[in-house]
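This report describes how the secondary structure elements of one chain pair and pack. The sequence and structure come first.

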Amino acid sequence: MKKYEVMFILRSNIENEAIKVVVEKLSNVFTSNNGKVLECKEWGFRELAYEIDHNKRGYYVWLLVEAPVQAVNEFKRVARINEDVIRDIVVNYEG
């Protein structure tokens with residue numbers, strides 16, 4: 001299994017309870033597919049460099065995961081269909 005850095009941005013009008021639910025749901029995608037979430041940092045609300053879907057701010061979440069490729073592909077699929085996620089990226093971890 002490889003290590004990956006995962007970052008996703010949630011829309012700005014999301015409530016605090018919903019943030020916890022979405023972060024847990026997306027983290028569970030890795031754990032339910034034989035992966036591990038090694039680290040999770042919630043950076044909170046920040047200004048976006050440019051407007052995305054009428055959002056000028058977003059809630060940033062960064063994960064360090066160790067997972068198989070199938071888990072990464074499933075995360076990308078789930079993040080793409082989740083209406084609360086406005087951007088996501090997964091890159092190999094070189095640490």
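Tyr4 stands opposite Asn92 in S4. The model is a predicted one: local features need pLDDT of at least 70, side-chain atom pairs count only at pLDDT 80 or more, and totals for chains, interfaces and linings use all residues. Residues are numbered from 1 along each chain as its sequence is written, and side-chain values use heavy atoms, with hydrogens and water left out.

**Strands**

Helices (H or I, at least four residues) and strands (E, at least two) are DSSP runs, numbered from the N terminus. Two strands are said to pair if DSSP finds at least two bridges between them. S1 and S4 pair in the antiparallel sense, over seven bridges. S1 is also joined to S3 by 10 bridges, and these two strands run antiparallel. Within that pairing, Ile9 has Tyr60 of S3 as its bridge partner.

S3 pairs with S2 as well, in the antiparallel sense, over 11 bridges. Here Val37 stands opposite Val65 in S3. S2 and S3 form a hairpin with two residues between them. In the turn, Asp53 has a positive phi of about 50°.

**Helices**

Helix H1 has 16 residues and reaches 23 Å from its first C-alpha to its last, close to the 22 Å expected at 1.5 Å a residue. The expected span is 1.5 Å times one less than the number of residues in the helix. The buried residues of H1 are Ile19, Val22, Val23, Leu26, Ser27, Val29 and Phe30. They cover an arc of only 140° around the axis, which puts them on the same side of H1. The arc is that of the directions from the helix axis to the C-beta atoms. Buried means under 20% relative accessible area, exposed over 50%, and partly exposed in between (1.4 Å probe, protein chains only). The face of H1 turned away from its buried side carries the exposed residues Glu17, Lys20, Val21 and Glu24. The buried residues of H1 pack against S1, S2, S3, H2 and S4, contact being taken as heavy atoms within 4.5 Å.

Helix H2 spans residues 69–81, 13 residues in total, and reaches 19 Å from its first C-alpha to its last, close to the expected 18 Å. Its buried residues are Ala71, Val72, Phe75, Val78 and Ala79. They cover an arc of only 130° around the axis, which puts them on the same side of H2. On the other side of H2, Gln70, Arg80 and Ile81 are exposed. The buried residues of H2 pack against strand S1 (2–11), helix H1 (16–31), strand S3 (55–67) and strand S4 (85–92).

**Nonpolar cores**

A nonpolar core is a set of buried Ala, Val, Leu, Ile, Met, Phe, Trp, Tyr and Cys residues joined through side-chain atoms within 4.5 Å. The largest has 23 residues, and those with the most contacts inside it are Val6, Phe8, Leu10, Leu26, Phe30, Leu63 and Phe75. S1, H1, S3, H2 and S4 each supply at least two residues of this core. H1 gives the most to this core, with six residues. Apart from it lies another core, of eight residues, among them Met7, Leu48, Ile52 and Leu64.

Leaving aside neighbours within four places in sequence, Leu63 is in contact with Tyr4, Glu5, Val6, Phe8, Ser27, Phe30, Val37, Glu39 and Cys40.

**Salt bridges**

A search of the whole structure finds four salt bridges, each defined as a side-chain nitrogen of Lys or Arg within 4 Å of a carboxyl oxygen of Asp or Glu. The table includes some of them.

| Pair | Closest N and O atoms |
|---|---|
| Lys41 and Glu39 | 3.3 Å |
| Glu47 and Arg57 | 3.3 Å |
| Glu74 and Arg77 | 2.8 Å |

Lys41 is partly exposed, with a relative accessible area of 39%, and Glu39 counts as partly exposed at 31%.

Glu47 lies in strand S2 (residues 36–52) and Arg57 in strand S3, 10 residues apart, and the pair links distant parts of the chain. Glu47 is exposed, with a relative accessible area of 53%, whereas Arg57 is partly exposed at 36%.

Glu74 and Arg77 both lie in helix H2, three residues apart, about one turn of the helix. An α-helix has 3.6 residues a turn, so residues three or four places apart point the same way. Glu74 is partly exposed at 26% relative accessibility, and Arg77 is partly exposed at 40%.
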